[in-house]
Each structure stands twice: as C-alpha cells, then as structure tokens.
Amino acid sequence: MELIQRLLKATEFRDKDTGEHIIRIGYYTSELGKLIGLDEDTCKILSHASMMHDIGKIGIPDNILLKPGKLDQEEWVIMKTHTTKGAEILKGSKSELIKMVEEIALTHHEKWDGTGYPKDLKGEDTPIVGRITAICDVFDALLSRRPYKKAWTIEVVIEEMKCGSGTHLDAFLVEIFLDNIEIFINIKEKYS
Ligand SMILES: [Fe+2]
Ligand SMILES: [Fe+2]
C-alpha cells in the first residue's frame with residue numbers, strides 16, 4: 001500500500017493537476033461499489049486500485065501530457081496508449097490489488113456501446129471495476145477545471161451523465177450514481 005501511495009506521488013511530479021483528482025476517485029469508486037452491493041473488502045481494494053487508473057500516463061511524453069490545447073490526431077493516438085502502458089506495468093501479478101489495478105488501467109476508457117478504447121469492449125465485457133471507475137472519472141473530470149476546459153456546473157454535469165447513460169456509461173450505474181449524487185458532490189467539495 002505504501003509503495004502505491006509513493007508511486008502515485010511520483011506521478012504527481014509530472015502532472016500536478018491530478019493529485020486531488022486521484023484522491024477523490026478513490027472515494028467515489030468505493031462509495032459506488034458499496035451502493036451496488038460489492039463487499040467491503042472488494043470496495044477497499046477498488047478504492048486503492050482505482051486511484052491508479054492513469055498510472056500509464058508516466059509513459060506519455062510531456063509535450064502531449066501537459067499540452068494546454070486540444071491534442072491532434074497523432075498525439076491522441078499516443079495519449080490513448082496510457083491504458084495499455086498502465087496494464088503493461090502491472091501485468092502478471094499474483095496480488096489481488098495489482099490485478100485489479102491492471103484491469104482498471106486497461107478498461108477505464110471503454111464505453112458501454114463499444115466506442116471506447118483500447119479494445120472497443122461493449123457492455124458487461126468491460127469489468128465492473130472498469131465501468132465504476134469510468135463513471136467516477138467522467139463525473140470528476142466534468143466538474144473540474146482542466147488545461148483544455150473550464151469546470152462545469154453540477155446541473156450541466158448531471159445532464160451530461162444522463163445523456164451518456166446507455167451509450168458511454170453503464171445505465172445501471174448512472175441511475176445509482178445520480179440517485180445518490182449528494183455523496184459524490186460531498187466528496188468533490190471535501191477533497192478540492
Ligand atoms: Fe485515463
Ligand atoms: Fe482520471
């Protein structure tokens with residue numbers, strides 16, 4: 001666990017914007033896991049594993065990772081490899097935690113309708129921990145300011161999540177997430 005925390009700290013040297021995002025993701029995913037009935041141990045592992053969803057970004061060059069504007073097509077292709085690079089870093093472990101990190105690193109950009117990356121997985125072919133991390137990541141990204149966008153209001157974020165339900169995001173998870181939105185807003189406010 002300590003090594004994970006320190007590895008995350010190492011990634012912050014490259015991209016300082018992500019420190020609080022990573023902490024919030026850990027809380028969101030374990031709360032959503034609890035809400036859908038995952039057991040306590042799984043939620044605990046999920047909390048730590050999801051914090052490392054973007055660990056593969058350590059393999060993305062600065063001029064792409066830190067670019068203030070939109071990425072061009074060629075840069076975008078490289079950016080997308082943070083999923084496979086993350087899985088590459090973690091593959092072949094016997095540890096439950098590290099196996100889950102590998103799964104999440106690889107699948108957190110897959111979409112319900114199969115238009116995500118890197119493997120174009122559809123529906124439940126994307127593991128539940130990947131789908132949980134995806135929805136929490138989208139929620140936090142939309143609510144936050146990024147180099148390429150302003151922070152959106154909560155009303156607009158909720159509308160966007162409803163729009164993405166069943167296409168980008170797992171509709172079942174969106175419903176539970178929005179029914180319990182206060183929990184997630186509180187995490188966002190507390191760890192900003
Ligand atoms: Fe990512
Ligand atoms: Fe993220």
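Mentor: Contact here means heavy atoms within 4.5 Å. Keep in mind that this model is predicted.

Trainee: Okay. Leaving aside neighbours within four places in sequence, which residues is Asp 137 in contact with?

Mentor: Leaving those neighbours aside, Asp 137 touches His 21, Ile 25, His 53, His 108 and His 109.

Trainee: Where does Asp 137 lie?

Mentor: In helix α8.

Trainee: Buried or exposed?

Mentor: Asp 137 has a relative accessible area of 10%. Buried means under 20%, so Asp 137 is buried. His 53 is buried too.

Trainee: What joins the side chains of Asp 137 and His 53?

Mentor: A polar contact of 3.4 Å.

Trainee: Switching to metal. What are the protein donors of the iron ion (ligand 2)?

Mentor: His 21 and His 53 each give NE2, and Asp 137 gives OD. They lie 2.1 to 2.2 Å from the iron ion (ligand 2). Their spacing in sequence is H-x31-H-x83-D. His 53 and Asp 137 link distant parts of the chain, 84 residues apart. His 53 sits in the loop between α3 and α4.

Trainee: How far apart are the iron ion (ligand 2) and the iron ion (ligand 1)?

Mentor: They are 5.2 Å apart.

Trainee: New topic. How many disulfides are there?

Mentor: The count is zero.

Terms used. Residues numbered from 1 in each chain as written. Chains lettered and ligands numbered in written order. Predicted model: local features only at pLDDT ≥ 70, side-chain atom pairs only at ≥ 80, totals over all residues. Heavy atoms only, no water. Donors = N, O, S within 2.8 Å, 3.2 Å for Na, K, Ca; no water. Helix = DSSP H or I, 4+ residues; strand = E, 2+ residues; numbered from the N terminus. Buried < 20%, exposed > 50% of the residue type's maximum accessible area, 1.4 Å probe, protein only. Polar contact = N/O pair within 3.5 Å; in protein donor to acceptor, adjacent residues only side chain to side chain. Disulfide = S-S within 2.5 Å.
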